[in-house]
Amino acid sequence: MNHATLEPQTANAKWTPESCEAWVPTQDGEATLAAVIAASGLPAEKCNAYKANLGGGFGRRGAFQDYTTQAVNIAKQMPGTPIKLIWTREEDMTQGRYHPVMMCKMTASLDDKKNITGLNMRLSGQSILAAVRPAVVAANKGKDPVVFQGLDPDGEHGITYSFDNLMIDNAMRNTHVPPGFWRGVNVNQNAIFLETFMDEMAEAAGMDAVEFRRKHMEKYPRAVAVLNAVADGIGWTKPAKPGVFRGLAQMRSFGSYVAAACELSVTNGNEVKIHRIVAATDPGYVVNPAQVARQVSGSFVYGLSALFEEEITIEKGAVVQKNFDTFNSIRLSQMPKVETIIIQGGGKDWGGVGEPTIAVAAPAVLNAIYRATGKRLRTVPLKNSGIKLV
């Protein structure tokens, strides 16, 4: 998936033999300055980088400063002349740093008390850090720690379930397609893997999906709190309207606890209408509740677009999708209302808001689609399975 920022990559630069300045919409001022220094051929004390407001970043305008480098290189050819570089949409779409392709094989065992006694997750796919910060992978003896977001033993991306036996491993498979930090990063796919499988295990155990989760979440009260909040908000224990089906998911990422529940219906076997989304987030503390609600709603635009529509494909070594006519996002008419529940669980850390809830959008919807159709959809985007969001 591409970042698909509304504003294509852009930078302004002015170079002289004595100094180099650049004005750049960037998520990483240090990386921008480093790119200016490297491209200018001048010492650091003669270079400056000024951070400008950006028309969308989502990870694309972070460590990857190819557009800054290009602007400075052009400016060097016209000393003393300010240069404004704006990529075309086609350049932006085909020269991105894309969300890595990933897959997962999962197996589990349950005892006669409906407890998970063992869970194995085998992840396989690209490593972002191998492309961006190979020294981190080398320091971890070939392991990319970011691959395990949402599945870590503890910390800001710690798993919120307790299993007697748990093994998670990764078969790194890097391709020629350059990966990057796409909004939400690796917790996006890990939430799909784990939360859809939790529903499958609950069904195998003959238990309600919420009760089954709670059974394995006793050590994580804040995670239980957001799960309970969305279950109550969607009316989980009450019958839904005829033809309406529910699904939910929960996760911890970027230091926050998040959960989502949805109601949807499916007509003609493939037309999905999402009626409601209830989302709960606990980042520890909240200063501006309205901004949190906007970030959460925007996260579902991102998550649902990726689930139903968005993909980058490669043909003869090149990106096929070049503009928004072929890299499609969901429209206003398709977007359900997002009812945001904010919980301030406290603690010593402040969690994120802009990235965590993206991850629970897809598994909540996938779990509801299963209840509506009896089909487990395991490949995204869903348009490739003939599924339409209406």
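Does Tyr302 count as buried or exposed, and what is the relative accessibility behind that assignment? In this predicted model, Tyr302 has a relative accessibility of 13% and therefore counts as buried, since buried means under 20% relative accessible area.

Tyr302 belongs to helix α9, which spans residues 289–308, and the ring of Tyr302 takes part in one of the five aromatic pairs that the structure holds. A pair of aromatic rings is described by the distance of the centres and the angle of the planes. For Tyr302 and the partner ring of Phe58, the centres are 4.9 Å apart and the planes stand at 40° to each other, an arrangement that is classed as tilted. Phe58 is found in the loop between β3 (47–52) and α2 (66–76), so that this pair links distant parts of the chain, 244 residues apart. Together with Trp182, the two residues Phe58 and Tyr302 form one aromatic cluster. A charged side chain is also placed at this site, as Arg183 lies over the face of Tyr302 at 5.2 Å from the ring centre.

A further tilted pair is formed by Tyr285 and Trp350, with 5.0 Å from centre to centre and 35° between the planes. Tyr285 lies in the loop between β10 (271–282) and α9, and Trp350 lies in the loop between β13 (337–342) and α10 (358–373), so the pair ties together parts that are 65 residues apart in sequence. With a relative accessible area of 31%, Tyr285 is partly exposed, whereas Trp350, at 58%, is exposed. Elsewhere, Arg376 lies over the face of Tyr370, at 3.7 Å from the ring centre.

The nonpolar interior was examined next. In soluble globular proteins, nonpolar side chains tend to be buried together. The largest nonpolar core in the model comprises 82 residues, and those with the most contacts inside this core are Leu119, Leu194, Ile274, Phe300, Phe308 and Val365. Helix α6, covering residues 187–205, gives the most to this core, contributing ten residues. Apart from this core lies another, of 17 residues, which includes Trp15, Cys47, Tyr67 and Ile83. Within the largest core, Phe308 is one of the residues with the most contacts; when residues up to four places away in sequence are not counted, Phe308 touches Val272, Ile274, Val365, Pro381, Leu382, Lys383, Ile387, Lys388 and Leu389.

Key:
Residues numbered from 1 in each chain as written. Predicted model: local features only at pLDDT ≥ 70, side-chain atom pairs only at ≥ 80, totals over all residues. Heavy atoms only, no water. Core = buried A, V, L, I, M, F, W, Y, C linked by side-chain atoms within 4.5 Å. Buried < 20%, exposed > 50% of the residue type's maximum accessible area, 1.4 Å probe, protein only. Helix = DSSP H or I, 4+ residues; strand = E, 2+ residues; numbered from the N terminus. Contact = heavy atoms within 4.5 Å. Phe/Tyr/Trp six-rings, centres within 6.5 Å; stacked < 30°, edge-to-face > 60°. Lys NZ or Arg CZ within 6 Å of the ring centre and 35° of its normal.
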